[in-house]
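Hi everyone, thanks for having me. Please bring up the structure on your screens, and we'll walk through a few places together.

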Amino acid sequence: MTLRDEIQAHLKETGESMRALSLRAGLGQKCVADIFSIKGLMPRHKTLAALSKATGRDLVRAAVGSTALTFGELVATLEEADQKTLASRVRWIMRKANWYANRPVCRHDVIEFFARHNAVSLGLSKGSRSTYKSDILAAIDQNGVRNRPRGVADISGIWADAYEAAKDSDIPEDCRLKAGPFIVYLFDRGILPDQITTRTLEEYYAHRLETGVVTETKCRKHVGNVVTLLGHLESHPSMSHFGFKAVASPFSDRRDKFGIGTGMLETLLTEFDSRVVPWAAGEISRDGLTYDAFLEALDREERQDADPLSEMRARLQRSLAEKSRLPGQSPKAERVERRESKMREYGFLTADDRWSEDTIATRRGYVISLAKALAASHDIVVPNIRALTDYQVLEAAAAALFEANGGRKDTGYLSSVLKAMKKIAIGYAAVSEQDVEDIRALIRFYETGRRGIAPKNKMKLREFTDVRIQSTIDLSGTVMTGINAEIDRRRKAERKKSGILPDRLDAIDIELARDIAAVLAHDILLTRAPRSSNVIEARLDWIAFQGGRAVLSIPAPEVKGRKAGDPDYVVRLGERASRLMLNYIEKIRPKLVHPDDKENPHLFPRQEGGTFEINAPYRGILKRVTRLLHQHVGVQINPHLYRHLIGWIWLKESMDNLPRVQRLLGHKSLKTTVEYYAELDETLVMDGWQTLLETKTGTAA
């Protein structure tokens, strides 16, 4: 029985009126009547729970099977009533929002859609945007529709508790975003956390395919995220008590396409984990010598060389070095270089060459891929890293991996694998110079032949029309205008409620503060586009004010391609952005700092939510930036594309700006800039030539 059937049966059996039932359940007097009179009305869980208690019936379960008016049905209803304009408006938003015909109509979804998209992003004028919005809402209202998608507001019990714990945790965002729909699915079917199996995921995948509009590939990715989510739910300290269990993916692991188990590579991977990893982190030399042992060996060498002649030679070398030192080169830099030279001699990686944890994980995967490809193709199990870096072995493994990946060069994956192996071959395996040269030739053979910006990023940049470029430049002002309007609204609402007009600062909650932080981050990116990590991890002590202007100086060792002694990467903000920086540091940032983290050194400090970490940066800052850009400009990009975007904007003004773009982005050579931008779009050149033709033309048609 549906929800209405259950309630109708109760009313018939007891003779109770709708109004009486509503009041007895502690609800509004028209609550039950609205369920019958308003098409598609889906009460929230707390409403259903109150009615269930009052009637003694499980109305929560009954509501799961209740049907709702769909967009397809709404269009059909409007067309039957000869309301073709309203029907076309509804079809328009279905196309724009990628909503399918069997999606339940929800007034809130429409309001939220228009809140996320301005006129520019929709390709409409401001007046047309308002007309479309009002027409679509009118079409919904005149049909009495209040559908809303079933979601986490409709669940309770252990499922609701688990969702709240996952939402507030520090597990990866992709997993948190999938927790809602998956846990609603479990609740609707009464599947407890410890009852989830691979079969459950197979059925969930089929459900997503049947009810969704996204591609099969995206459904597979969604379920893959759920597999990862279950692993976190099982092991995370704040969620393990719910009883979730990690389960195997319902799909075969495409990384295992060779049919070779990782267990066969145990010896190879043991060496990687116990020797390559500490070497890559700078903890040991390629021969296993610890850093402390290296220092002791260095001391012994210096003591052995402490005879009068050696001392005289050392003094002579220092004197010659002093005379040949370049202007600005410090003795300290020389000492660092001598120490690093000695470290390289002993087989250590110096600070600039060490791998991050993410890089280590990625290159471990490369080693596994090559070893599995070789085993599957030639039935040869590589015993150690030195063997895998042998040129003949590496060539055969690369050919096998190339074939397994469909013989495609366009991804650049294989050249990345081989470049990583070249680093291992040189630094860890210490192969011969000839082997290194052969590996370089192998890399050239498998390279895509492409330089500069990836094709998908070029397509994104071409979405930035002149109108959208202007909207991007104006984004800070647009967002801050909206924030100020919201502050005014909140202050007026509070005065109406309490009779007291609060201070503007008191009207700013953490969400508005995060948006203000995102505006500042956008200004930094648009000014000179530092790399994402440099913005996220920017520190207060990197910031100075000079003549009223804010200057962000990123230390050279923190910048890709620079090391100690190189110039810092300096971002000089304009007057408006500098005022925002000052106000943010003095007034807004204190709202973002966790009460237990007052000494946080970062410009954008980590806030509450999940497992808190002292002195950590707000790692979600750039996702908020790109979300604002998408909302107000209409283009969805990743944060790194800002670097390409500002070059694109300036080069659209004139190709003569190429050297200036080089300086702006901090490229060491113009060649790098040319590789990235000169072939970005032939229209940059053609438009300039067309403009010249038009200015030189002496006659008119």
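This is a predicted model: local features need pLDDT of at least 70, side-chain atom pairs count only at pLDDT 80 or more; totals for chains, interfaces and linings use all residues.

Find α19, residues 357–378, and α21, residues 391–404: their axes come within 8 Å and cross at roughly 85°. Angles of 65 to 115 degrees count as roughly perpendicular, so that is how α19 and α21 lie to each other. Who makes the contact? On α19 you'll find S369, L370, A373, L374, S377 and H378, and on α21 there are V393, L394, A396, A397, A398, A400 and L401. Sorted by class, the contact of α19 with α21 has 10 nonpolar residues, three polar ones and no charged ones.

Next, please look for H222, which sits in helix α14, residues 216–235. Is H222 buried or exposed? Its relative accessibility is 6%, and buried means under 20%, so H222 counts as buried. Leaving aside residues up to four places away in sequence, H222 touches K178, P181, Y204 and R208.

Last stop, the nonpolar cores. The largest one has 56 residues, and F464, L520, I524, Y584, L603, F604 and I621 touch the most other members. Several elements give two or more residues to this core, including α26, α29 and the strands β2 and β3. Helix α27 provides the largest share, 10 residues. Apart from this core lies another, of 46 residues, with A160, A162, A179 and V227 among them.

Technical notes: Residues are numbered from 1 along each chain as its sequence is written. Side-chain values use heavy atoms; hydrogens and water are left out. Axes are lines fitted to C-alpha atoms, for helices over the stretch in contact, and angles run from 0 to 180 degrees between N-to-C directions. Helices (H or I, at least four residues) and strands (E, at least two) are DSSP runs, numbered from the N terminus. Angles under 35 degrees count as roughly parallel, over 145 as roughly antiparallel, 65 to 115 as roughly perpendicular and the rest as oblique. Contact means heavy atoms within 4.5 Å. Ala, Val, Leu, Ile, Met, Phe, Trp, Tyr, Cys and Pro count as nonpolar, Asp, Glu, Lys and Arg as charged, and the others, Gly among them, as polar. Buried means under 20% relative accessible area, exposed over 50%, partly exposed in between (1.4 Å probe, protein chains only). A nonpolar core is a set of buried Ala, Val, Leu, Ile, Met, Phe, Trp, Tyr and Cys residues joined through side-chain atoms within 4.5 Å.
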